[in-house]
Amino acid sequence: MHIVLSFFSTRPVEGLERNHAGYAQAHGYEHVVVDGTGVFGERQGVLHRYHAIYQQLLRLPDGGLLLVLDAFSVVYAPHDLAAVAQGHDAVVASQAKDSPLPTPSGMILRATPEVRERVRALVLRLGQWAMYLPECAAMAEAELLGEAFPVQPFQDRLRNGHFASVQAVWPTGHALDALHDAAPLVVHNAPVWERREGLWRPSAGYDFRYVQALLEEASARARGTPLHAAQAWEAASRAQRAPALHLNEQAPIAFVTLHTHHIAGYADVHERSLAAYCRRHGYAYHSYRAAPGFLPEGLRASAGNWAKAHLVRHHLPQHEFVFWIDADILAVNQALPIEPVIEGRDFVIGTDHSAWSVNSCMFGLRRTPAMQRLAERMCETIEAVEDRSSVYASGGDQQLIMLTLMEAGMVDARHVVDAMTLAASPAYATRSHRFVHFPAQLNHYRAVSMAVWDRWSTHAGGDGPTA
């Protein structure tokens, strides 16, 4: 008898429980689901998980195996659990490459007297930690888990040849590239915990997009239709396509974007989504697939983000209100028009979900003399920067646009809306939001994530989100 334990402290990824249950059912394992969403407090929630683990270990007969899954874990290659665990009583993988700290995501425990006792002692230590007792209050869950079980570097095969639990993304690579032939049992994208300035902190700004993308990849793999590799997304050919797409060119409200072939994998998803949205509502859409000739020469050779203000300035005489929109934004709830957002405003931009006062992924200007001067000033500020060698060089376009707005006294509630109204931050996004942003993600995974959300947005023929 083996058990697959799914512990959910949160449920942000649709289909994840089905992924866990499908694996258990296929092999005849018992599937136990524990809902921890009603437990208050980070440490009490962690303690709850280990109580659940201990409970299932006590239920198992000697030699039985327990696979521990959570909201970050996707069963990727549904190997036989006994084969993966062969020769091991516990497999607890590292949380990141070259990290001495473990992750509970995808760990395997065998029901033996020693393992049960280790978990019982760990539960006691975690109880002391959850109560902030002095001897362990400053520690992290990962440290306590690492004291109880040896840590297996996730990038190294077990001695039986398997990979048990692999972190999907790390600073220098990701699983499909570095371990493309691994076919691990579990792939996860759990937050990485680090001690910084004396405090244990998880990955800043974490969201679940990678988990959703991993689930999509696992589903495609199970169907025998694996998704394109990262290189294929980025090498998408546009040789037979026009350099730009222009829709409803005389419309009062317009959206403009620029995306080169380097990001074609996800930018094509954006273009399809925004074109459908603009056709539905009668908005103009100017989608440049290569840097247009009217841009200054220095900008044509730079990353597309540096041309935002110049493209808005170029189209502002043609329309009453012009939005810049990044090529990693989708129109998800396509039923929502944009007019309510710009009513009574000559300029609008959203805040960032992190420490930035604005996010330049989407902003709009009305065709007034003051806003035309503002667009000119943005362009001058960007052209004055010497280093535009990458998206984030010199602080990126966002830094310069923010400084321009600050100089104009415009970073206030008259012009700056929340992080959901324009392009919802991925940390907060739902299918009810008009636009959803997918920033700072490896291009292959970003394309997969956007394809999933785009499919959701069009299930009802563009009439809005579906349940």
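**Buried cysteines, sheets and nonpolar cores**

In this predicted model, C278 has a relative accessible area of 0% and is therefore buried. C361 also counts as buried, because its relative accessibility is 5% and the cut-off for burial is under 20%. The number of disulfides in the structure is zero. A disulfide is a covalent bond between the sulfur atoms of two cysteines.

An open sheet of seven strands shows mixed pairing, and its strand order is β13-β15-β14-β16-β19-β18-β20. At its edges stand β13 and β20 (416–417), each of which pairs on one side only. Strand β13 (residues 244–247) is joined to β15 by four bridges in the antiparallel sense, and L247 has Y285 of β15 as its bridge partner. On β15, pairing with β14 is parallel and extends over five bridges; here L258 stands opposite Y288. At the other end of the order, β18 and β20 run parallel and are joined by two bridges. The bridge partner of G350 in β20 is V417.

Strand β15 is mostly covered, with five of its five residues buried. From this strand A284, H286 and Y288 point one way, whereas Y285 and S287 point the other way, and all are buried. In a regular strand the side chains alternate between the two faces of the sheet.

Helix α9 (residues 264–281) forms a right-handed β-α-β unit together with β14 and β15. The helix lies across β13, β14, β15 and β16, and runs at about 160° to β15. Helix α11 also packs on the sheet, where it touches β13, β14, β15, β16 and β19; the direction of α11 makes about 155° with that of β16.

The largest nonpolar core comprises 34 residues, and F347, F363 and L365 are those with the most contacts inside it. Two or more residues each come from β14 (253–258), β15 (284–288), α11 (308–315), β16 (321–325), β18 (347–350), β19 (359–366), α13 (369–383) and α14 (396–407). The most is given by α13, which supplies six residues. Neighbours within four places in sequence set aside, F347 is in contact with F363, G364, L365, M371, L374, M378, L405, M410, R414 and H415. Apart from this core lies another, of 31 residues, which includes V32, L66, V68 and V115. In soluble globular proteins, nonpolar side chains tend to be buried together.

An open sheet of three strands was also found, with mixed pairing and the order β4-β10-β7. Its edges are formed by β4 (73–75) and β7 (165–167); each has a single partner strand, so one side of each is left without a neighbour in the sheet. Direction ignored, neighbouring strands of this sheet are turned by 30° against each other on average. Strand β10 (residues 186–188) pairs with β7 in the parallel sense over three bridges, and V187 in β10 is the bridge partner of V166. Helix α7 (residues 209–223) lies across β4 and β10, and its course makes about 5° with β4.

Technical notes
Residues are numbered from 1 along each chain as its sequence is written. This is a predicted model: local features need pLDDT of at least 70, side-chain atom pairs count only at pLDDT 80 or more; totals for chains, interfaces and linings use all residues. Side-chain values use heavy atoms; hydrogens and water are left out. A nonpolar core is a set of buried Ala, Val, Leu, Ile, Met, Phe, Trp, Tyr and Cys residues joined through side-chain atoms within 4.5 Å. Buried means under 20% relative accessible area, exposed over 50%, partly exposed in between (1.4 Å probe, protein chains only). Contact means heavy atoms within 4.5 Å. A disulfide is a pair of cysteine sulfur atoms within 2.5 Å. Two strands pair if DSSP finds at least two bridges between them. Axes are lines fitted to C-alpha atoms, for helices over the stretch in contact, and angles run from 0 to 180 degrees between N-to-C directions. A crossover is right-handed if, with the strands pointing away from the viewer, the path from the first strand over the helix to the second runs clockwise.
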